[in-house]
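Hi,

Here is the structure I said I'd pass on. Have a look at it first, and then read my notes below.

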Amino acid sequence: YSSLKQADRVIVQTQWMKQEVIERCCINDDKIEVKEVKVKQRSCVPRQRMEQILFFYPATTFKFKNCEIIIKACKLLKEKGIENYKVIITFTGNENRLAGSVARSIRAYDLPVELVGRLNREQMESMYKRSILLFPSYLETVGLPLLEAKEFGAAVIAADCKYAHEVLDRYESAFYFHYEDAAALADKMRGFIE
């Protein structure tokens with residue numbers, strides 16, 4: 001906070017972040033500039049239809065990425081006999097203790113979740129074309145995958161947080177759940193599966 005207060009100019013990526021800086025640091029509005037993140041415009045990207053519903057979460061293994069809520073939601077779906085879907089997450093399970101815990105839970109409950117590791121640009125684009133983005137992270141400045149999913153016309157199930165509402169503003173294929181509510185996430189997922 002002290003470095004922000006001392007800065008001649010502050011650049012942030014979103015309006016919600018600007019408001020947070022103003023409120024938390026008591027900085028004048030005119031000292032803060034918003035530089036929105038842009039993603040490459042894609043012309044007419046056809047969505048690919050899949051027989052099995054595919055959910056996708058491009059994530060790292062930080063706690064705030066909230067991968068555990070996906071595991072809890074998948075367990076709830078399994079308890080209801082719903083298994084005709086797949087979740088792809090972009091870490092391997094070997095990165096740290098949290099990733100290992102997620103991987104063990106997937107195996108222990110035999111969940112339809114695959115940890116695939118890092119994907120290149122073409123693989124990411126392929127995922128966006130044929131999946132529904134899950135984005136349960138509760139701490140982001142922008143959430144770049146939200147912007148990318150919009151460009152591909154993918155449906156998005158996101159944490160009901162300020163960053164997500166700003167990025168997905170007026171996007172008709174955006175659905176929200178409280179980031180701690182596994183049952184709400186399971187219900188959103190079930191809506192797509194059924």
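The side chains of T61 and N96 are joined by a polar contact of 2.9 Å. By polar contact I mean a pair of N or O atoms within 3.5 Å, where one must be able to donate a hydrogen and the other to accept it, and residues adjacent in sequence count only if both atoms are side-chain atoms. T61 sits in the loop between β3 (53-57) and α3 (67-79). T61 is buried, at 14% relative accessible area (buried is under 20%, with a 1.4 Å probe and protein chains only). Setting aside neighbours within four places in sequence, T61 is in contact with F91, E95, N96, L98 and A99 (contact means heavy atoms within 4.5 Å).

A word on what you're looking at: this is a predicted model, where local features need pLDDT of at least 70 and side-chain atom pairs count only at pLDDT 80 or more, while totals for chains, interfaces and linings use all residues. Residues are numbered from 1 along each chain as its sequence is written, and side-chain values use heavy atoms, with hydrogens and water left out.

Now the whole chain. The protein chain has eight helices and eight strands (DSSP runs, H or I of at least four residues and E of at least two, numbered from the N terminus). Its C-alpha atoms fill a box of roughly 55 × 40 × 30 Å along the principal axes. Of the 194 residues, 46% are buried. Taking contacts between residues at least 6 apart in sequence, 63% join residues at least 24 apart.

Cheers

How values were computed:
Buried < 20%, exposed > 50% of the residue type's maximum accessible area, 1.4 Å probe, protein only.
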